[in-house]
Amino acid sequence: MSVLVYAEHDNASLKGVTLNTVAAAQAIGGDITVLVAGSGCAAVAEAAAKIAGVSKVLLADDAAYEHQLAENVADLVAEVGKGYSHILAPATTSGKNFLPRVAALLDVQMISEISGVVNATTFQRPIYAGNAIATVESSQATNVLTVRGTSFDPVAAEGGSAAVENLGVAKDAGVSSFVGEELAKSDRPELTAAKIVISGGRGMQNGDNFEMLYKVADKLGAAVGASRAAVDAGFVPNDMQVGQTGKIVAPQLYVAVGISGAIQHLAGMKDSKVIVAINKDEEAPIFQVADYGLVADLFEAVPELEKLV
Amino acid sequence: MKVLVAVKRVVDYNVKVRVAADHSGVDLTNVKMAMNPFCEIAVEEAVRLKEKGVATEIIAVAVGPKEAQEQIRTALALGADRGILVEAADVQPLGVAKLLKAIVDEEKPELVILGKQAIDGDNNQTGQMLAALAGMGQGTFASEVNVADGSVKVTREIDGGLQTVDLKLPAVVTTDLRLNEPRYASLPNIMKAKKKPLDIKAPGDYGVDVTPLVKTVKVEPPAERQAGIKVADVAELVDKLKNEAKVI
């Protein structure tokens with residue numbers, strides 16, 4: 001068996017979720033090769049070569065891959081991936097974008113967002129917004145899988161010494177081009193990588209009140225998220241949304257403030273190690289999953305929390 | 001230009017699904033079915049393009065059981081001009097993408113709009129697979145779509161923010177939640193939709209084999225999380241987090 005893992009990065013540094021994906025590859029077994037595609041991303045390949053358990057790194061360094069355009073990346077991965085028994089990518093918006101394209105090019109039925117590896121051909125994955133877990137089996141020549149990062153503990157970023165092979169290939173499919181991007185600038189950790197996440201819901205009442213959560217977050221080194229209700233109400237941007245249709249998080253500590261606990265939201269955070277709920281409605285479903293529940297007015301509780309932590 | 005919209009019949013998003021007693025799947029007996037919410041957004045976007053004079057004809061396509069005619073009728077009531085149902089049960093995303101590719105070859109739409117994922121299988125694959133099979137560019141997880149001069153600019157919701165790409169037409173777009181707010185069908189339009197043409201096809205008509213490639217071994221409920229304790233005040237909460245859970 002041989003597993004190809006697609007590295008997630010921003011051309012400058014390797015994203016942590018790659019380590020979780022390598023962990024899934026280890027659970028499958030066999031030789032692990034990491035593919036780094038980007039532009040000016042030699043440093044990323046060097047970092048990938050140090051990941052524990054990786055035997056080879058392939059580098060495709062060209063302008064065609066700078067913005068991870070699905071059309072160009074999929075052609076590359078389908079070509080490089082042909083000889084492998086498994087092709088894995090993190091279930092990020094990037095992996096979800098290009099990997100189904102790879103599967104179609106290889107005439108393979110992909111398996112999305114695996115949360116468990118039973119054996120090399122059998123996997124677990126959540127369906128119906130996490131309300132059911134399916135165990136699926138595939139006897140296809142190549143298994144193409146996205147990996148839910150929070151379901152696998154990351155492997156060590158150091159300890160390996162794999163060789164880096166420059167593929168020297170580049171192909172622009174010629175059907176798409178990058179126009180621009182607006183990335184939220186924040187000094188706080190990224191939601192999916194943070195050890196502590198504090199999220200606000202409809203109970204926050206408006207976007208300005210999220211300032212209270214930012215203050216607590218900055219004292220704890222936490223990321224700030226939101227429920228879909230808060231996003232739909234326009235309090236905060238969509239990239240802060242935690243839930244089935246947003247980001248899936250599993251931090252050491254998740255603090256839900258003014259969040260009722262809709263199934264949609266729970267699907268995105270219920271694998272957190274410790275869950276705290278602060279809500280004035282003691283009947284709120286969020287208390288059914290919380291390790292520590294505080295029935296209180298958040299406008300009093302949150303400033304007090306900021307003082308005490 | 002012609003726009004093709006794919007719609008899927010799924011369990012209504014308000015229904016809390018239960019795993020079947022024999023663990024073969026989820027229990028769908030007497031459960032309310034509806035159009036997948038992301039597909040509603042896709043239909044709405046197509047209708048808006050027609051209202052702007054960009055789209056000239058909207059074709060709604062579904063792959064599903066015969067009851068999926070209801071979802072095509074809904075799309076017709078919302079503004080689609082005609083429908084195609086490929087009658088087949090439990091077709092996996094690659095099979096659906098192959099059927100859509102065959103229909104795209106016949107109909108030659110300039111734009112295909114799909115939901116980013118269906119809320120039953122949560123696969124998030126079909127649009128990307130169709131784009132690959134048809135050799136088209138793809139704008140997935142769209143929050144804004146602008147068609148102009150033989151290309152479409154799509155703003156996409158990505159981790160950490162937004163990305164805008166420019167795609168040559170014909171192209172595939174998959175919808176995210178913020179793209180638009182779907183309208184409701186009016187009663188007169190629901191009546192009119194009954195008279196709009198709806199073709200019923202079979203996978204064999206397109207020469208597509210839809211045999212599943214991935215087998216579901218079993219379906220189980222997720223591990224339940226036990227409710228913890230209620231704390232009296234913030235001081236007790238902070239104490240528990242520091243000394244009991246040791247997470248801060």
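A salt bridge is here a side-chain nitrogen of Lys or Arg within 4 Å of a carboxyl oxygen of Asp or Glu. In this predicted model, local features need pLDDT of at least 70 and side-chain atom pairs count only at pLDDT 80 or more, while totals for chains, interfaces and linings use all residues. Residues are numbered from 1 along each chain as its sequence is written, chains are lettered from A in the order in which they are written, and side-chain values rest on heavy atoms, without hydrogens and water.

Between chain A and chain B there are 3 salt bridges. A:Asp291 forms a salt bridge with B:Arg225, with 2.8 Å between the closest N and O atoms. On the side of chain A that touches chain B, 40 residues are nonpolar (Ala, Val, Leu, Ile, Met, Phe, Trp, Tyr, Cys and Pro), 17 are charged (Asp, Glu, Lys and Arg) and 25 are polar (the others, Gly among them).

The contact (heavy atoms within 4.5 Å) draws 82 residues from chain A and 77 residues from chain B. About 6400 Å² is buried between the two chains, 55% of it from carbon and sulfur atoms; this is the accessible area (1.4 Å probe) lost on putting the parts together, summed over both. A:Gln109, A:Tyr128 and A:Tyr292 contribute 12% of the area that chain A buries against chain B, more than any other three residues.

A:Tyr292 also has B:Ile229, in strand 13 of chain B, as its bridge partner.

Key
Pairing = 2+ DSSP bridges. Helix = DSSP H or I, 4+ residues; strand = E, 2+ residues; numbered from the N terminus.
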